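User: I would like to go through a structure by question and answer. Please keep to what can be read from the model.
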Amino acid sequence: MSKSTAALIGALLGMAIGLASHRAAIAEISALPTIQRVDTPYWSITLQSDVIDLFPSFDQKLKFSREPARSIADILDQSGLPDHDEKQWPIAQQAKSDGLFALTTAMIFIDEFTLNSLAASDLKSPLFQDIDPKGSPKSDLVIQIYKDEVTFKQATGALGPESANGLFLADTNTIATFLPASFLEGFYRPFGQLQDLTEQGASAIIALRRTLGKTYQHELIHALQQRSGRYYLQSPFIAEGQAQFLTKKLGRLEILGPMVAAQFLADQSVLGQQRSFASLTAAMNRIRRNSVLSPEEYEISRRIASLPLGDGEQLSFLLTVKSDDFYSSRDVARYYDLAWGLFFLLDSEQDPAQDFSMVRHVAENLDASRYQSQIKDIESRLRDLVRNTLGPEKDYTAALLALPAAVNKSDAEMLQKRPFAAYEQLLSSLKAAPTAPDVLAYVADLFTSEDARDVYATLYNRALDEQDHGAQATIGSPLRLLGRYVDTLMRAGLINQAASKIAAAGDLNKAQLTQLDIPTRSNLLLISHYLRLRDQASDADRAKLECEANLGRAIQAYDELSTSDLMKNALRATDSVKLPQLKSVYENALGMARSAVQRDAIECGIARVEPNSWFIGPELAGLQDRLDEINQLIAAPRK
């Protein structure tokens, strides 16, 4: 990420963003060692954790770098942190003493980031102004961080969606949550552009920001509610609605804001400074005003759209329900969706003060009897807003049939380095089928260009999970989606993650395939073979293995293009008006494949491919005429 892009992201976030008593039912949380006490402007924090540093290999490298202080400053400049005040929030000072990714530093960073981001706009809204911490005395806060979700749940006994993010215990003013401690080590190790210390640190701290947003930030909102001294924690529906909406809005800006920044930089050379800035402002306003949502928010909207709304019964019940009944209900997941939906509606309106005053009065007094007509009206408006957000009704199949055309338009925008416009091209499909594996995979692909590894990993894993649970993909057999994700991981140098995904697929030779899926299986078998050999190889031999693996993939691509019956049949369609264009595209692709085979063979020092070469699949090894053609290609002069 360039410094200009990073600086823009920080400015954009500032411009754009412009638990209840059930938790006492958890008898006691297992004790964690106290790492340190940290002072911030609003809390004296006692930090307890079984993790000391979230990225120890990086902090070790930073410690022995030529200018650690300069590197820390450069990384913070690119972190997207708006309006940093080092005196109030001594992040750089803490990083110099403990490490940039020490838990102490990370908590100061995320607290300032969250509060500064909300202060620009949201904490000025009548919906959230009560939880603004400014002006109230400093209080004590205990933060307990577990090393992973499993350890967190074992220690707390937490179950259900209400503890998906963590827990807030009001009686002891304690946040208990988890961070995937191995995530940064696994996804942000030095490779490619991340071999540069600043690039690696900036990418990792942005990923940490987004990861903390999924766990810690939700509970931090509850701590703000507790600090306010208001009634919020006595109303589980409002407490969860505020926390759900604000964290998902922050998350939306976390993933879409960098897209807008990157697009602005690309647009400047085409549109000029003034027009490109106007386009940037319009895009950020659409995001901030809830006109463009994140993939997760479209999924929530789709679930709300399936509910029978309009008679006011659901909101009347939820505004007056007590904590025990709210959190113990089998419908608690639906309650969370509607809690988000209420604040989505109110935040989307020009003046929500009157409606929120009524909602607050009902919740405080646990009595909706005087406001049935108003509550019915709010519920009807929520139903209509969600329908308008999702657009014209499409069934699942129709949405997937329309996907290829949307992908073509999205690809055209990506070629112009306009990722946010590319995202908008996929919105009709995302709105109609937000859990479709195909849709999630194509959206994930948009984030590979920004190297947002945590984002595309989440989306690809969500797509694979949906597929595993029976969702039908149209881009081929289940293996095709896996193949695309593994390719993405390999390009990013995420070898271990690719290996684990292939291993989880089981015996690739027994996978159900169509004719179109055979190249995917061949590629996965090649990668799997490479990874096994790599584990046993010395460092000196690994470079040669990688070169041979690249040659094997180039040979596969060339062989598939030159022998594909599907392509041959398409090229015989002489009545097609697009035939000249198709032939041109095919010849270009075939030429690129030929060049790749010749280039990789020279780099590997291979003059001839033998039938027993490890990097060719069994299908090709048994076809001597094909091998002869490939060897002739290798021997031919390069054009």
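User: In helix α24, which residues are buried?
Analyst: The model is a predicted one. Helix α24 covers residues 518-536. Its buried residues are Thr520, Arg521, Ser522, Asn523, Leu524, Leu526, Ile527, Ser528, Tyr530, Leu531 and Arg534.

User: How far apart are the end C-alpha atoms of α24?
Analyst: With 19 residues at 1.5 Å a residue, α24 should span 27 Å.

User: How many residues apart in sequence are the parts that the pair Cys547 and Cys604 ties together?
Analyst: The structure holds 1 disulfide, formed by Cys547 and Cys604 with their sulfur atoms 2.1 Å apart. Cys547 lies in helix α25 (residues 539-563) and Cys604 in helix α27 (residues 579-604), so the parts tied together are separated in sequence by 57 residues.

User: Is the link of Cys547 and Cys604 left-handed or right-handed?
Analyst: Both cysteines, Cys547 and Cys604, are buried. The angle about their S-S bond is -110°, which makes the link left-handed.

User: Which residues does Phe447 touch, not counting residues up to four places away in sequence?
Analyst: Phe447 is among the residues with the most contacts inside the largest nonpolar core. Leaving out residues up to four places away in sequence, Phe447 touches Ile255, Met259, Ala452, Val455, Tyr456 and Leu459.

How values were computed: Residues are numbered from 1 along each chain as its sequence is written. This is a predicted model: local features need pLDDT of at least 70, side-chain atom pairs count only at pLDDT 80 or more; totals for chains, interfaces and linings use all residues. Side-chain values use heavy atoms; hydrogens and water are left out. Helices (H or I, at least four residues) and strands (E, at least two) are DSSP runs, numbered from the N terminus. The expected span of a helix is 1.5 Å times one less than its number of residues. Buried means under 20% relative accessible area, exposed over 50%, partly exposed in between (1.4 Å probe, protein chains only). A disulfide is a pair of cysteine sulfur atoms within 2.5 Å. A nonpolar core is a set of buried Ala, Val, Leu, Ile, Met, Phe, Trp, Tyr and Cys residues joined through side-chain atoms within 4.5 Å. Contact means heavy atoms within 4.5 Å.
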